[in-house]
Amino acid sequence: ILATSNNVTIATYDNVFSVGGGLVANFTGDGTQTIFTLPFSPININSTQIYINGVYQNKNTYSVTNATITFSEAPPLTSKIEVMYN
């Protein structure tokens, strides 16, 4: 149970969702590639967090289909891409 300092319940174990406690995949951008394949499929787009060179990417900048991440624009040349997902 997660509660405030006044002991008001905020969440219980069955409705707290965690991103980052699961899998991590790393890629390097080449400036042209927009499609990257993960080793396993995420639950859905809401179970992903993507960082390019340490900068969080909004979910409207990519899509998730099965184990495929498709960016609306190719990540820059030599950029470090980190995908955290469940």
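By the ring-pairing rule, the count comes to 4 aromatic pairs; the rule takes rings of Phe, Tyr and Trp (its six-membered ring) whose centres lie within 6.5 Å, and calls planes under 30 degrees apart stacked, over 60 edge-to-face and the rest tilted. Take Tyr51 and Tyr56: their ring centres are 5.7 Å apart and their planes sit at 65 degrees, so this pair is edge-to-face. Phe27, Phe36, Tyr62 and Phe71, for their part, form one aromatic cluster.

A word on what is being looked at. The model is a predicted one, with local features needing pLDDT of at least 70 and side-chain atom pairs counting only at pLDDT 80 or more, while totals for chains, interfaces and linings use all residues. Residues are numbered from 1 along each chain as its sequence is written, and side-chain values use heavy atoms, with hydrogens and water left out.

Back to the tyrosines. Tyr51 has a relative accessible area of 21% and is partly exposed, and Tyr56, at 36%, is partly exposed too (buried is under 20% relative accessible area, exposed over 50%, partly exposed in between, with a 1.4 Å probe and protein chains only). Tyr51 belongs to the uncovered face of strand S5 (residues 48-52), along with Gln49, whereas Thr48, Ile50 and Ile52 make up the covered face.

Four of the strands build an open sheet in the order S3-S9-S5-S6, with antiparallel pairing. Its edge strands, S3 (23-28) and S6 (55-56), each pair on one side only. Pairing here calls for at least two DSSP bridges between two strands. S3 and S9 (residues 80-85) are joined by 6 bridges, with Leu23 standing opposite Tyr85 in S9. S5 and S9 share 5 bridges, and S5 and S6 share 2. S5 and S6 also form a hairpin with 2 residues between them, and Asn53 in that turn has a positive phi of about 50 degrees.

Then there is the inside. The largest nonpolar core has 13 residues, and those touching the most other members are Phe27, Leu38, Ile50, Phe71, Ile81 and Val83. Such a core is a set of buried Ala, Val, Leu, Ile, Met, Phe, Trp, Tyr and Cys residues joined through side-chain atoms within 4.5 Å. S3, S5, S8 (68-71) and S9 are the elements giving two or more residues to this core, with the largest share, 3 residues, coming from S9. Val83 has contacts (heavy atoms within 4.5 Å) with Leu23, Val24, Ala25, Phe27, Leu38, Gln49 and Ile50, leaving aside residues up to four places away in sequence.

Zooming out, 26% of the 86 residues count as buried. Of the contacts between residues at least 6 apart in sequence, 69% join residues at least 24 apart. The protein exposes about 5600 Å², with carbon and sulfur atoms supplying 53% of that area; accessible areas come from the Shrake-Rupley method with a 1.4 Å probe, and for residues only the protein chains shown count as cover.
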